[in-house]
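Please consult the sequence and the structure shown here.

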Amino acid sequence: MTGLTVRAERSAPLDRTRARRKAAWRRRRLVLLLMTPWLIGFSVFFGYPLVMSVYLSFTHYDLLSSPKWIGTANYRYLFTQDPQVGAAVRNTLWIIAVMVPLQVVFACGVALMLARARRGVGLFRTIFYLPALAPPVAATLAFVYILNPATGPVNILLQHLGINGPLWFQSTSWSKPSLVLLGLWGVGNTMIIFLAAILDVPRHLYESAELDGAGPLQRLRWVTLPTISPVILFSVVIGVIAGLQYFTQAYVAANVASGQASQAGDQTVNNLGYPEDSTLFYPVLLYQHGFRYFNMGYASAMSVMLLVVAFTITLLIIRNSRRWVHYVGAAK
Amino acid sequence: MRRVGIGLLVALVLGAALLAATARTSATAGTSGAKAENITIWVGWSAAELKAFKGVVAEYDNKHADVTVKVVGGINDDKITAAIRSGKVPDVVSSFTSANVGSYCNSGAWIDLKPFLAKDKIDVNMFPKTSQYYTQYKGKRCALPLLADVYGFYYNKKMFKAAGLTSPPKTMSQLTAYAKKLTKKNSDGSIKVAGYNPFLGFYSGNAPDLTTYAPLFGAKYVDGSGKSVLSRDPAWSKILKWQKSLIDWYGYKNLQKFNAGAADEFSASHAFEIGKLAMMIDGEWRVAFIAREHPGLDYGTAPAPVDDAHPELYGAGYVNGTIIGIPKGVKHKDQAWALVKYLTTDSHALAIFSNGVRNVPTTKASLTSPDIKPDAHFKTFLKIFANPNSKTSPITAAGNAYGSLIQAFAVKWQAGHAGDLAKGLQKLDKQIDAQLKQAQAGGVP
């Protein structure tokens, strides 16, 4: 009797453990089941292409016949001989170094102003956000038209003011700044995130700062910016990655500004990078090799390098961010 | 145990995904081709040109009760490649980008037409040499020509008369002199009417990779061993020097502004058509555009002027063409071939299509076909096409990739940013050789 009682007492915790494990397994199963669509999507549309790109980067592959293993030849050509890659890298770094900070500052500035608005808040928010809804191709077409040095309204207006307007998309020194203007105009998405973060800054922090005698600039420097620093980090990382992948606007602007937009079917004419390779960004060159010249092995090598660079830069930014990003409630 | 369970599930999910992908591939492969009586042809033409092509195909349809041909327009090479890769191919494909024939033939993506040609006893010498060249790669004939684009010279007769000029220029120095005479400037120094606009990239006649100028100077791309000779063949520096001297006369920035203000080349406001440009090099299709958009324009056509030192080249021009072939994986090869054969070798079909789109027909017989509607302007291009010195650009395994290197250098040169010409061309040769080697075998020299 005593022995039975002991066994029953011992088996009770065992049963409970089993039951807990079973329940935990069921929960996990449910989680996995719910994650299945994502897992499938991730494996098919991200994992598989990634692995294939790495493999193809070591092959000669013209899209039409089977890939042929050539070792590191694509990488050697990329690093030592491709005459256009230097310009493409320089242009890409330029757009990241200039456009990303400007976009962050501009989006943050607009969001700060909108956060202060008392009347017509909804209207202003809509107006500033609207450009983000314009498709990139349409927006670029509009900008090339507006900034046409001969017939565009901007230069006509400048002429009335006695200023000889620049050649914008036709000029090597103005083509990238023109793209930056386009980027700033469509900054609505970043602006909305900043606005949400700014409106989320706890009131009591401002009140404490005011009691300590802080002026508006000091409140911005010591309260707003540190509190929204995670959003700044997010915008910088997303901006840098978008800069590394900068394609659509450059592709459309070069084709339209060079006057070849209507020759969609004829790929003999090549105006990517117009004028003088000043808008030849790394992804544009990659596209050119992969889809215009059927050199997909080489294009894959370029894309692998792009991934490595994007990963490294993101890692560096995130590591560096520990010094300036503050998470509310996070332990130091 | 827990890890094993999760691992199993992940493997299951991945397996399912792979299975789904495989199933999809086999499903698409299973649907490739169409029923025997229905065949599909993909072409690049659109709008009015597509309508003309459909007219030709309709005639074929009427003559052949066993097939019904479906024409799909607005196709480019990206779509063709994607279709071949997916296995879901149309029966016949055509491309405007003859430079890609190297990829299509080399990879076998377009099937070899030699057995069909042999079976039907068709001698490829029925096509002019240039067209024979851009429809094969290293002896593999995977395409045939379906009308050609031929570049010639257009000049505004009214402006010529006003300037006291009686005939079109025959040499480059004459062209320069005429250009200066015909140019009109605004009070602020900007260009009102350009006599001749040599800016690379301005309309098709100024292809930035210099293709349209090369035959006019007799310029060669490669030597016998396939090495780039841009620095060794003096014709290239002649082209670039001549072109730059005229750019400098206008002023680079003045031309940039003029170009930016000029309408799209395929719009009814084309600079030549509205009298803002007195002379230009352009394709034969412009004849049809002018007839449609500005029938009252008083203009003439002629072969483009040539290098002063090579008057014998006068009459030649740059030739490029639409290519047509049969993609691999097609189910109705015989029906596809019958259509290709009809479209490319039947003089009547070529003539009526040529009349419709005003592109040059591509067999020697069709050039003199009585079905070709007489048109003095268009006849010029038929003669240029038949000229033995007319040339196209080299066909390589990497399409026109070398052209992008020539272009990168040439546009820098015209802007005055390329430095020493001889050194620049030497560097360009090295770059082209390296690129071709990389594209062909994936190796570096």
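Predicted model: local features only at pLDDT ≥ 70, side-chain atom pairs only at ≥ 80, totals over all residues.

The contact takes 52 residues from chain A and 55 residues from chain B, where two residues are in contact if their C-beta atoms, placed from the backbone, lie within 7 Å. On the side of chain A that touches chain B, helix 1 (2-56) of chain A gives the largest share, eight residues. The table divides the residues of that side by class.

| Class on the side of chain A | Residues |
|---|---|
| nonpolar (Ala, Val, Leu, Ile, Met, Phe, Trp, Tyr, Cys, Pro) | 23 residues |
| polar (the others, Gly among them) | 21 residues |

Residues are numbered from 1 along each chain as its sequence is written, while chains are lettered from A and ligands numbered from 1 in the order in which they are written.

Helices are DSSP runs (H or I, at least four residues), numbered from the N terminus. The axes of helix 2 (residues 73-80) of chain A and helix 13 (residues 296-321) of chain A, lines fitted to C-alpha atoms over the stretch in contact, come within 9 Å and cross at roughly 65°. Helix 2 of chain A is therefore roughly perpendicular to helix 13 of chain A (65 to 115 degrees). In this packing, A:N74, A:Y75, A:Y77 and A:L78 of helix 2 of chain A meet A:G297, A:Y298, A:A301, A:M302 and A:M305 of helix 13 of chain A. By class, this contact has seven nonpolar, two polar and no charged residues.

Methods
Axes fitted to C-alpha atoms, helices over the stretch in contact; angles between N-to-C directions. Helix = DSSP H or I, 4+ residues; strand = E, 2+ residues; numbered from the N terminus. Parallel < 35°, antiparallel > 145°, perpendicular 65-115°, else oblique.
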